[in-house]
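Trainee: I have a structure to read. Please show me how to go about it.

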Amino acid sequence: MKRMIMHVHTSPRSRDATLAPADAVAGAKSAGADILLFTEHDIAWTRDELDRLAEENGSGILLLGSAEVAHRDAHLIVIGCDTALDLALPVNEMVRQVHELGGAVILAHPADLFFQITPEIASGWGVDAAEVVNLKKRSVPPGEWKNWLERGMGLVAGLDAHRKTDMKGGCHTLVPEWVETEKDLARALRERLVRAGQ
Ligand SMILES: [Zn+2]
Ligand SMILES: [Zn+2]
């Protein structure tokens with residue numbers, strides 16, 4: 001499987017981040033990642049921008065883009081769907097739209113005290129995976145991971161990096177070897193072939 005470092009915000013695309021994209025790439029490489037998944041707030045990188053960043057920083061790591069969408073009920077990492085979503089819709093309808101467009105949705109930091117989303121609620125929404133490990137907010141205790149798995153969701157681990165010092169090793173998500181694009185990653189998530197690694 002490939003090791004993916006995910007949930008990374010960079011400046012200037014995420015206004016609350018100071019991490020330079022080049023430092024994110026360097027940090028992910030030195031952490032031994034095969035894939036770096038950017039999750040900017042409400043905006044995704046274009047393929048051209050990612051290719052340019054890869055060129056400028058040498059190859060050796062696959063760069064993928066996604067957007068962390070701030071819905072009033074949850075933060076959702078939307079992958080493989082470039083169409084703008086209507087935030088006024090309930091979460092379950094947004095997730096259904098993303099699926100129809102060939103994408104996938106990760107529920108970001110469900111254990112964050114602000115949201116405290118249960119597996120029951122998340123499975124009702126139809127999200128593909130839950131970010132059970134989040135290095136900046138609260139993580140789901142390992143003893144409760146089975147509750148998410150039993151409800152049919154995959155588990156992922158994210159850094160929620162905003163600064164250079166947030167780019168650490170030891171927290172990654174394992175994805176199938178055939179993942180080369182955002183659409184591939186979305187498919188792997190929908191087919192529950194992704195898991196939190198240690
Ligand atoms: Zn968030
Ligand atoms: Zn975030």
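**Reading backbone features**

Mentor: Start with a place: Pro 12 sits in the loop between strand E1 (2-8) and helix H1 (21-30). Helices (H or I, at least four residues) and strands (E, at least two) are DSSP runs, numbered from the N terminus. This is a predicted model: local features need pLDDT of at least 70, side-chain atom pairs count only at pLDDT 80 or more, and totals for chains, interfaces and linings use all residues. Residues are numbered from 1 along each chain as its sequence is written, while chains are lettered from A and ligands numbered from 1 in the order in which they are written.

Trainee: What kind of peptide bond joins Ser 11 and Pro 12?

Mentor: Most peptide bonds are trans, and most residues other than glycine have a negative phi. The bond between Ser 11 and Pro 12 is cis, with omega about 10°.

Trainee: Why does His 109 count as buried?

Mentor: Count other C-beta atoms, placed from the backbone, within 10 Å of the residue's own: 20 or more is buried, 12 or fewer exposed, in between partly exposed. His 109 counts as buried because it has 27 such neighbours. Asp 42 has 15, so it counts as partly exposed.
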